[in-house]
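I'd like to walk you through one model, so let me put it on the screen.

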Amino acid sequence: MDFLAVQDFYPEDFAWCYGCGRMNSSGHHFRTRWNEEETLTEYQPGPEHMAIPGFVYGGLIASLFDCHSTGSASLAFYRQAGHALGDETPVPRCVTASLKVDYLKPTPLGPTLRVIGRIAEIGRKKVVVVSELWAKDVLCARCEAVLVTAPASMLQNSSPS
Ligand SMILES: CCCCCCCCCCCCCC(=O)SCCNC(=O)CCNC(=O)[C@H](O)C(C)(C)COP(=O)(O)OP(=O)(O)OC[C@H]1O[C@@H](n2cnc3c(N)ncnc32)[C@H](O)[C@@H]1OP(=O)(O)O
């Protein structure tokens, strides 16, 4: 691997997400990392991700923001607790409580998409992440997401069987 991403360290039972789970062979495998004080997820859409020829489907963009934001929240909680990826302590897993996406410009299909996140707020069990999606030098979409530590009730169905 060229860099360490938070999704590489999600506990195996919680690594099946269609967007970012490394255990899900059909998924997108989004990967999120720190870039100094910001978080970064890069993704290369394929032709199958089109909305109309030449442009990326908005649902894919929402998915990208979703997993980027949960990943950013996990990174923020982990760093706040004094940990770095690779430590033995398990990485906390977060779920999306709210995801608001503003589509500012059509997103061209072709360039690698870059999602850059800022931790706007961090509490005991809640993180607010504000992110931008860039295609080369064009700001195409913006997102504000609220992420909450995964509730224990999700544990029972955390992996396929
Ligand atoms: C034990 C470990 C288990 C691990 C399981 C791993 C599973 C992995 C799964 C992987 C999944 C992959 C990713 C996916 O695909 S996640 C899939 C999509 N998401 C879900 O299915 C989540 C469904 N929702 C819930 O389970 C609950 O509603 C949650 C847990 C989100 C909140 O529940 P609850 O409401 O009881 O929590 P709280 O009362 O303690 O509030 C906490 C804070 O959050 C704030 N807030 C809440 N809602 C909203 C909102 N809509 N807007 C703004 N803010 C909101 C609230 O004001 C409070 O803020 P503050 O007062 O602190 O400031």
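I'll go through the strands, the helix and core, the ligand shell, and then a few single residues.

Two housekeeping points before that. Residue numbers start from 1 along each chain, following the sequence as written. The model is predicted, so please keep in mind that local features need a pLDDT of at least 70 and side-chain atom pairs count only at pLDDT 80 or more, while totals for chains, interfaces and linings use all residues.

Let's begin with the strands. Two strands pair if DSSP finds at least two bridges between them.

Strand β1 covers residues 32–35 and β2 covers residues 38–43, and the two are antiparallel partners with four bridges. One of the bridges links Asn-35 to Glu-38 in β2. The pair makes a hairpin with two residues between the strands, and Glu-36 in that turn has a positive phi of about 60°.

Now follow β2 across to β4, residues 113–122. These strands are antiparallel too, with five bridges, and Thr-41 has Val-115 in β4 as its bridge partner. From β4 we go on to β5, again antiparallel, this time over nine bridges.

Next, the helix. α1 runs over residues 58–80, and its 23 residues should span 33 Å at 1.5 Å a residue; the end C-alpha atoms are 32 Å apart, which agrees. The expected span there is 1.5 Å times one less than the number of residues.

Is α1 enclosed or open? Of its 23 residues, 18 are buried, so the helix is largely enclosed by the rest of the structure. Buried here means that 20 or more other C-beta atoms lie within 10 Å of a residue's own; exposed means 12 or fewer, partly exposed is in between, and C-beta atoms are placed from the backbone. Just past the helix, Gly-82 has a positive phi of about 90°.

That takes us to the core. By nonpolar core I mean a set of buried Ala, Val, Leu, Ile, Met, Phe, Trp, Tyr and Cys residues joined through C-beta atoms within 7 Å. The largest one has 33 residues, and the most contacts inside it belong to Ile-61, Leu-64, Ala-73, Val-127 and Leu-133. Two or more residues come from each of α1, β4, β5 (126–135) and β6. The largest share, ten residues, is from α1.

On to the ligand. How many residues surround it? There are 19, and the closest are Val-95, Ala-97, Ser-98, Lys-126 and Ala-150. A residue is near a molecule or strand if its C-beta atom, placed from the backbone, lies within 6 Å of it. Strands β3 (94–103) and β6 (138–149) each give at least two residues to this shell, and β3 has the largest share, with four. Sorted by class, the shell holds eleven nonpolar, five polar and three charged residues.

For the record side, an unreviewed UniProt entry has the annotation "domain: Thioesterase" over residues 54–137. UniProt annotations may be inferred rather than shown by experiment. In the model, that span is 27% helix and 36% strand, and its end C-alpha atoms lie 17 Å apart.

Last, some single residues. His-29, in the segment before β1, has a phi near 60°, a positive value in a residue other than glycine. With 17 other C-beta atoms within 10 Å, His-29 is partly exposed. Lys-136, in the loop between β5 and β6, also has a positive phi, near 50°. Lys-136 is exposed, with 11 other C-beta atoms within 10 Å.

Glu-132 belongs to β5 and counts as partly exposed, with 18 C-beta neighbours inside 10 Å. Gly-21, before β1, counts as buried, with 21 C-beta neighbours inside 10 Å.

That's my tour; over to you.

Technical notes. Nonpolar A, V, L, I, M, F, W, Y, C, P; charged D, E, K, R; others polar.
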